[in-house]
Amino acid sequence: MSEREDVVELLVRQHGELRALFTEVETAKGSERVDAFHRLVRLLAVHETAEEEIVHPAARRGEGGDAIVDARVAEERRAKELLVTMDKIGVEAEGFDTLLAQLRDDVLAHAEHEERDEFPRLREQYDRDRLEAMAKAVRAAEAVAPTRPHPGIESPGAAMLLGPPIALFDRARDLVRDVLRR
């Protein structure tokens with residue numbers, strides 16, 4: 001990560017991190033699998049929140065932007081709903097691996113759609129300085145984003161209004177969970 005990284009570079013790098021985390025969750029056992037899954041959930045939650053607040057509104061600009069972004073938001077909502085189910089049942093539950101494979105396929109297809117349809121729009125419409133500023137805004141949004149999925153909070157306004165208080169609650173739950181696991 002560099003200060004000169006633009007928003008597209010940042011998000012593509014995070015897509016790579018997500019691919020690696022899926023592999024880790026798929027191959028890990030016991031507490032390592034639980035930890036890997038929690039890291040996956042956290043990265044997905046903060047990544048999607050930042051996209052909803054910063055990236056999607058910018059990508060809506062221009063002809064066809066709304067349709068592209070609406071499709072990505074629908075994909076994100078489905079992934080959030082699946083994550084909520086997976087978090088409730090836990091990594092040791094029967095059927096978790098099937099849900100994990102579905103989530104992996106959905107998330108990786110979503111990342112591919114963004115990289116093919118949404119990110120080129122950003123490169124066409126904004127100069128390098130603006131894309132670098134957007135990367136800084138994404139990092140700031142991720143720093144205060146919820147760490148768990150919250151289906152139904154996909155609009156930029158809802159994410160900005162409800163995100164910070166939900167994030168405090170999520171981070172407190174994460175802290176308690178981590179203390180209890182020791």
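Trainee: Which is Phe96, buried or exposed?
Mentor: The model is predicted, so local features need pLDDT of at least 70 and side-chain atom pairs count only at pLDDT 80 or more, whereas totals for chains, interfaces and linings use all residues. Residues are numbered from 1 along each chain as its sequence is written, and side-chain values use heavy atoms, without hydrogens and water. At 0% relative accessibility, on a scale where buried means under 20%, exposed over 50% and partly exposed in between (1.4 Å probe, protein chains only), Phe96 counts as buried.

Trainee: How are the planes of the rings of Phe37 and Phe96 arranged?
Mentor: The count comes to 1 aromatic pair, under a rule that pairs rings of Phe, Tyr and Trp (its six-membered ring) with centres within 6.5 Å, planes under 30 degrees being stacked, over 60 edge-to-face and the rest tilted. The centres of Phe37 and Phe96 lie 5.2 Å apart and their planes meet at 80 degrees, so the pair is edge-to-face.

Trainee: Which helix holds Phe37?
Mentor: With a relative accessibility of 2%, Phe37 is buried. The pair ties together parts that are 59 residues apart in sequence, because Phe96 lies in helix α4 while Phe37 lies in helix α2 (residues 30-59).

Trainee: Where is Gln14 placed?
Mentor: Gln14 is buried, with a relative accessible area of 5%. Leaving aside neighbours within four places in sequence, Gln14 is in contact (heavy atoms within 4.5 Å) with Leu43, His47 and Glu142. The place of Gln14 is in helix α1 (residues 7-27).

Conventions:
Helices (H or I, at least four residues) and strands (E, at least two) are DSSP runs, numbered from the N terminus.
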